[in-house]
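Please examine the assembly shown here, first as single chains and then as chains in contact. The text below is meant to be read alongside the structure.

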Amino acid sequence: MEEPILKFENFTFQYNAQKKPTLYDISFSIRKGEKIIICGPSGCGKSTLMHCINGLVPHSYKGEKTGSITISGKNTQNMSIFDISKSVGTVLQDCDGQFVGLTVAEDIAFALENDCVEVDQLHERVKSVAKLVNIDDYLTHAPNELSGGQKQRVSLAGILVDDVDILLFDEPLANLDPATGKYAIELIDEIQKTTGAAVIIVEHRLEDALHRNVDRIIIMNEGRIAVDAKPDELLCQDILKETGIREPLYITALKYAGVDITPQMKPSSIRSIVLSDEDKRKVVSWYENSTKEDIEDKRPYLLEVKDLEFSYDKKAKVLQGVNANVKEGEMMAIVGTNGAGKSTFSKVICGFEKETEGTIIFNGENLSDYSIKERADKIGYVMQNPNQMISKVMIFDEVALGLVTRGVPEDEIKTRVEETLKVCGLWQFRNWPISALSYGQKKRVTIASILVLEPKMIILDEPTAGQDYRHYTEIMEFLLKLNKKGITVAMITHDMHLMLEYAKRSIVFSKGKVICDDTSANILTNPEVIKAANLKETSLYDLALMCNIENPGDYAQRFIDYEREVER
Amino acid sequence: MKKFSVKTIVAIGIGAALFFVLGRFVAIPSPIPNTYISIQYGLLAFISAIYGPIAGCLAGLIGHALIDATYGSIWWSWVISSAFFGAAMGFITSKMKLDEGEFGKKEILFFNIGQAVSHLVAWIVVAPVLDILIYSEPVNKVFAQGAVGAISNLVTTAIVGTLLCIAYSAAKPKKGSLSEEA
Amino acid sequence: MTNLFNYIEKPSPIHNLSGATKFICLLLWSFAAMSTYDTRLLIALPIISIFLFKISRIKLKDVSFILTFILVFLLLNTIMIYIFSPHHGTEVYGTCTVILGSGKYSLTKEQLFYHLNYTLKYISTIPIVLLFVTTTNPSEFAASLNKIGVKYSIAYSVALALRYIPDVQREYHEISLAQQARGIEMSKKASLVNRLKGASAILIPLILSSMDKIEIVSNAMELRGFGKNKKRTWYMGRKFRSIDYICIVLCLLLLVVSIVLTKVNGSRFYNPFV
């Protein structure tokens, strides 16, 4: 058998500042041209594993290790980070961080510049690699003129300029909308076929990452390799649920229907899976026997937006003729591609931007003449990254900030903050510094700092971006709890699971207009809307079609309702 | 000179970008009509305290020169004074251990005496002298300008710089206290 | 980005010069203009620069905004000088020819002549800086710095500053809005100390997230081999052609003229009063 290109042997690693090792006794190997996914919950050690492969450990992050890592037969102990970078190319999760050039061409050339390649050759090489990832029409563009998907392609080109043997992708789907993510996986697949490099994708969105065939999946848990298996075999096991990784939806749906999943069915993708007539009958009978919650909603409107228009410079309209509403006590989603207007819409509602035309009615009041601060008493806005909002050292002070600036008397501040902390499950941490909290807890602090102002409604920008299934569930269940207490929740997102599971209704933006306002289950089974909004069909849709279920939207809805029942 | 780490290079670049944005786009009115407070010096003092004199000097130099370039004329005497301030702060704070989360009362006092001295020298000595040498401007005019600049920058740095250092040191885990999150 | 620094892409001989050449010329020209107060040279410089603008095809309207801004600044500065030191001209030129009024604020010919020279000094440096920023692609700037002898690591930090200014600006804007919603006030409605505290409430999240960014970017750069060799090449670097050398020699001559004039005049000032 061919010698492996990458080999871990009984590798253990402990950071200097940590009390316990982060990686325990890791052994696996990858051959040339293999493609694998490394999957696991946050804190399982997959980022550290990646740093060990690309040399950041021990170059930038120091620690103690035992065992060995070899790349093409050479022990990495004797290699500098620069030697390793000739064999291993890394595409980081943060595309803006990786994009260090002023333009696309310069960024692609970066590694070659550092190798002192002559100017003429630089231009030639950049052109050919740019073509490979289909970004050659944008060579003189600056990063802020590109979409997330385009930036990622630039990052990929930037490592393909070196003929690396191993391509390492850190959560390539994290910052992309579903359609772009699908394209990214296809591109990675093509690149692998043309270059013959080994590909390692670190990702917890297993179903999306499996859009194209992979050879193996490694599941990590608590610093160890829990499973190393072929996808078809892995999906028949229960390991995913045990380690807190989301199972592909169609697999869960089949299990609900009582279908026994075997490797022979090729369950690794909804396109490869083979269902017998018996299996299909089971799915249909599950559908017929399940019930759907009554979704007719007679609550009054809390927010009504009429004929809203907005433009930064009188020329291009970012929003045009937007009519939308949110009902009192509702939990809903605002979706669409980057630049479709969904963020601008929420900013206009909160008064961050001033509408050029139209009216915004909230609880019967016209908001037009209200300042940012006054609107914040009614509608709270929570930014995507909690670190972008936190400016105090202690939790109490952070939550109290909005009350202090509003001149609320001190004893009232105390009671209101304490009450909010209790609601948000932060009471036991009230005397902690914020820096000691986890990401999800910090998120709760920022939500608490908004809730303390007692708004009737909160708008959250990508509430779960970059979070694994466990944290996602933690944050979303918390929001659901708040919603049950009567707070209206609107979420800007392109996470399809979030839409399906937590937003009964979604408003879809495309090119500055609202193109659809329907239940999330219907939207995610409507090919036209999906295409316009850069979404992706849920695999439940394909499953429904496969089993000849006439109303896939209805099927998806029943699945979600049933799942909620089971989980509870 | 010691070889820079890549991190220092990046800190200079991003530090200069921050200096630029704060100096160019953030207009906080000062008590004197039509003049604005330069909060970027609070930031620069902080960068110097963490990344040292060379980083502070270059971040100030690049950031200030870029601000001037967008206005079409580079006022070298003041650009150099910004660089001087960054460098001086870096030297003065070189013994502080902000990275290890140490920023108590003693450090606050030390930081502020340091920034006050650096500002006074930068704006009441370096900038006016350069103005006189390069542009032959009247002595009393440049010193009056310098004094106003020094005092306003000193107040800004005392508040903004100190708060930044406190927040940063609080966000740093104390040495040896890291363990897996529960 | 290009808008911020006013780079205007046009096909012109000046655009075609290497960035390093333009930077060297800018420095030589600035030194020449800075060191002299000779009226004749200060008149000659702006005339040459108008001619250069013609060659560069940059239109007046392209730079009119920035030009107005500088002229207002210049006006304020001359007024300040007059208020603080109405007899600065007499100190400089040694004579005193009153033409209007009397006492402290009497107007002298020397003062007027000093103001004329001061203004000319501005006018002889401004157009060349404007010409530099409008005709030099920011991308080429770092390569130019490296070419004239600045260490590539420092040159690259300039490129990084240019790269991350738009990102920092956007992030500042977003954080600022979210904090305003929580009631942070930075306008005159708040007291000075509260304005500064408000500014800190925006700066703290901005800077803490920038610290994370520094870590990510430096990792990304090392993973792609930055700092590996003593030298590096530049995608945007250009080779010198003969025209580049000619321009540098011409600007060097300007500096020589400026120094010679100082020697001949016996001081930096050209003095018509004695």
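The model is predicted. Within it, chain A is built from 24 helices and 20 strands. Its radius of gyration is 25 Å, close to the 24 Å that the globule rule gives for 568 residues, so chain A is as compact as a globular protein of that length. Of the 568 residues in chain A, 51% count as buried. Among contacts in chain A with a separation of 6 or more, 68% join residues 24 or more positions apart.

A pair of helices in chain A shows how such elements meet. The axes of helix 16 of chain A, residues 395-405, and helix 17 of chain A, residues 410-423, come within 10 Å and cross at roughly 130°. The crossing of the two helices is right-handed. Helix 16 of chain A contributes A:Phe396, A:Val399, A:Ala400, A:Leu403 and A:Val404 to the contact, and helix 17 of chain A contributes A:Ile413, A:Arg416, A:Val417, A:Thr420 and A:Leu421. By class, the residues of this contact comprise eight nonpolar, one polar and one charged.

The next step is from chain A to its contact with chain C. This contact draws 50 residues from chain A and 44 residues from chain C. On the side of chain C that touches chain A, the elements giving two or more residues are helix 8 (138-147), helix 9 (152-181) and helix 10 (192-223) of chain C. Helix 10 of chain C gives the most to this side, with 13 residues. The side of chain C that touches chain A has 24 nonpolar, nine polar and eleven charged residues.

Chain C also meets chain B, in a contact that takes 54 residues from chain C and 47 residues from chain B. On the side of chain B that touches chain C, at least two residues each come from helix 1 (6-25), strand 1 (28-29), helix 2 (40-70), helix 4 (105-135) and helix 5 (139-171) of chain B. Helix 1 of chain B gives the most to that side, with 14 residues. The class composition of the side of chain B that touches chain C is 36 nonpolar, eight polar and three charged residues.

Terms used
Residues are numbered from 1 along each chain as its sequence is written. Chains are lettered from A and ligands numbered from 1 in the order in which they are written. This is a predicted model: local features need pLDDT of at least 70, side-chain atom pairs count only at pLDDT 80 or more; totals for chains, interfaces and linings use all residues. Two residues are in contact if their C-beta atoms, placed from the backbone, lie within 7 Å. Helices (H or I, at least four residues) and strands (E, at least two) are DSSP runs, numbered from the N terminus. Ala, Val, Leu, Ile, Met, Phe, Trp, Tyr, Cys and Pro count as nonpolar, Asp, Glu, Lys and Arg as charged, and the others, Gly among them, as polar. The radius of gyration is taken over C-alpha atoms; the globule rule is 2.2 Å times the number of residues to the power 0.38. A residue is buried if 20 or more other C-beta atoms lie within 10 Å of its own, exposed if 12 or fewer, and partly exposed in between; C-beta atoms are placed from the backbone. Axes are lines fitted to C-alpha atoms, for helices over the stretch in contact, and angles run from 0 to 180 degrees between N-to-C directions. A crossing is left-handed if the near helix is turned anticlockwise from the far one by less than a right angle, and right-handed if clockwise.
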